[in-house]
Amino acid sequence: MAARAQASLGRPCSQVRLRRLCRIPAAEIRADLDEKTGFHNNLRMAGSYFAVYTGLVCRAEYEHDAVAALAGQVQQMNWRSLQLEDFHVSPERRDLFLRHFHAVQFVEQKIVRKPHITEGGEDIDHDLFVHVELPAQWEYYLTASLGRLARRNARHYLRLIDENSEYEVTVSDARTIEQDLGTLFRFWLGRWEDKNPTYARGVVRNCRTMLPGLYHDDRLLVLVLRQDSVPIGVHLNFIDRDKRAIHCFLVGRDPAVTKLPPGFALHMFTMRWAIANGFVNYDLGTGNYGYKAAFGSQTRLIEGIRISTQNARNLGERLDRRILGSVLSWSKRLHSDGQSKLAAMGCSQILEVDHAFEKARELLELIEAETAPNLANAIELHRSGRVEQAAQIYASVLAKAPRHFKANYMMGVACLQKREFAAAELYLGQAIEVAPRQRPAGDRQA
């Protein structure tokens, strides 16, 4: 999402130029539903929860102006909350961005992650990200970073791979990459699909979209551990040559293999490869799992931040135009499930943004038509002087279609007759607001 210069900046800088200075690589706009206030937008960092880290890419010499412009552009968008998950930037850049979201209008909160207790009873903190600093020499790493048992196992398993024809590790190339990734996905789904099918399939789907481009750009290191030529483990790593870092992203293994633990052996093989090729950091991502400590690792705290509007409503009091189709689909499901009030609320919010959105208008008119018999009965009661009974039916109609023009108008009239002037003002105001563009066909001639 490029920054656009819409705020006054400290020194002259063209709009086009500022767009190039600071970027959130992309952002995800989602629709969510609050049953009290209706639909709203959440703005999330691109890749969440798929990416290892998110952040801001910025040319350092223009940092202050560019980050200010980006924050200003973000505030021109329509959202109720901005989610900065796994937000890995320097403390200075983080504070520079956040200072533009003033407490008068926004609330800043830490994103509290769900508890994670493993099958083995470990209490995992996913605000802790783990990495291994790699020295220049493999033997020095073994001696200085590993405990006695881990060091012995590392040497033993790598010796089996190097010297025993039963085991080998291959690096994926253009001929094997597709097959090797398929093996990884098979292992991954076998481990996680039964426990969380949506998550497991989503990871694989995103991988299939993202990985071909990364491989083409020489950003992937895929290692396959084989026993008698049969794959028993696969490690997928991202390569950052500029920072000389390897990011372990996805691992899969055959759970039946125990003689040579595929996970431990591949981690050790990867770090040895990384040291031999001049890398200085092996990143193990989120979560302080016990096995990571055996690698002589270090942790860093990266807490997510949620910025929310003080009034719990979208900035600009309207939906983002880009998610109107999603809101309509959601509204149709609500209507089918008998939740007409929420469905009508969604349609009304769509029409506030796009008066010509005919499918939203058609659904709203269908909902209002479903209340027509009750409304006609209420009007007859009203004409006969039974105002209280009529008001009760108007209220039931508005419970299904809160922005129904005639129901609001007649309820306002009833309140006036009952000398409930504040309520009358509320209902008549609502009728006036929706009358010009949302009145059903039968009322447009009124």
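Modeller: This is a predicted model. The protein chain has a radius of gyration of 29 Å, whereas a compact globule of 446 residues would have one near 22 Å.

Colleague: What box do the C-alpha atoms fill, then?

Modeller: Along the principal axes, the box is roughly 100 × 55 × 40 Å.

Colleague: And how many helices and strands does the chain have?

Modeller: There are 16 helices and 14 strands in the protein chain.

Colleague: Start with the sheet. What's the strand order?

Modeller: The order is S8-S9-S10-S11-S12-S7-S13, an open sheet of 7 strands with mixed pairing. Strand S8 (167-171) and strand S13 (298-301) are at the edges; each has a single partner strand, so one side of each has no neighbour in the sheet.

Colleague: How much are neighbouring strands turned against each other?

Modeller: On average by 30 degrees, with direction ignored.

Colleague: Take S7 and S12. Are they parallel or antiparallel?

Modeller: Antiparallel: strand S7 (residues 128-133) pairs with strand S12 (residues 281-286) over 5 bridges. Glu133 stands opposite Asn281 in S12.

Colleague: Which helix lies across those strands?

Modeller: Helix H8, residues 262-276. H8 lies across S7, S8, S9, S10, S11 and S12, and runs at about 40 degrees to S10.

Colleague: Change of topic. At what angle do H10 and H11 pack?

Modeller: Helix H10 (residues 324-336) packs on helix H11 (residues 340-353) at about 160 degrees, and their axes are 8 Å apart. Angles over 145 degrees count as roughly antiparallel, and H10 and H11 are therefore roughly antiparallel to each other.

Colleague: Which residues make that contact?

Modeller: From H10, Leu324, Val327, Leu328, Ser331, Leu334 and His335; from H11, Ser340, Leu342, Ala343, Gly346, Cys347, Ile350 and Val353. Sorted by class, the contact has 9 nonpolar, 4 polar and no charged residues.

Colleague: What about H13 and H15, how do they cross?

Modeller: The axes of helix H13 (residues 372-383) and helix H15 (residues 405-417) cross at roughly 25 degrees and come within 11 Å. H13 and H15 are therefore roughly parallel to each other. Their crossing is left-handed.

Colleague: And which residues make the contact there?

Modeller: H13 contributes Leu375, Ile379 and His382, while H15 contributes Lys406, Ala407, Met410, Val413, Ala414 and Gln417. By class, the contact of H13 with H15 has 6 nonpolar, 2 polar and 1 charged residues.

Technical notes
Residues are numbered from 1 along each chain as its sequence is written. This is a predicted model: local features need pLDDT of at least 70, side-chain atom pairs count only at pLDDT 80 or more; totals for chains, interfaces and linings use all residues. Side-chain values use heavy atoms; hydrogens and water are left out. Axes are lines fitted to C-alpha atoms, for helices over the stretch in contact, and angles run from 0 to 180 degrees between N-to-C directions. Helices (H or I, at least four residues) and strands (E, at least two) are DSSP runs, numbered from the N terminus. Angles under 35 degrees count as roughly parallel, over 145 as roughly antiparallel, 65 to 115 as roughly perpendicular and the rest as oblique. Contact means heavy atoms within 4.5 Å. Ala, Val, Leu, Ile, Met, Phe, Trp, Tyr, Cys and Pro count as nonpolar, Asp, Glu, Lys and Arg as charged, and the others, Gly among them, as polar. Two strands pair if DSSP finds at least two bridges between them. The radius of gyration is taken over C-alpha atoms; the globule rule is 2.2 Å times the number of residues to the power 0.38. A crossing is left-handed if the near helix is turned anticlockwise from the far one by less than a right angle, and right-handed if clockwise.
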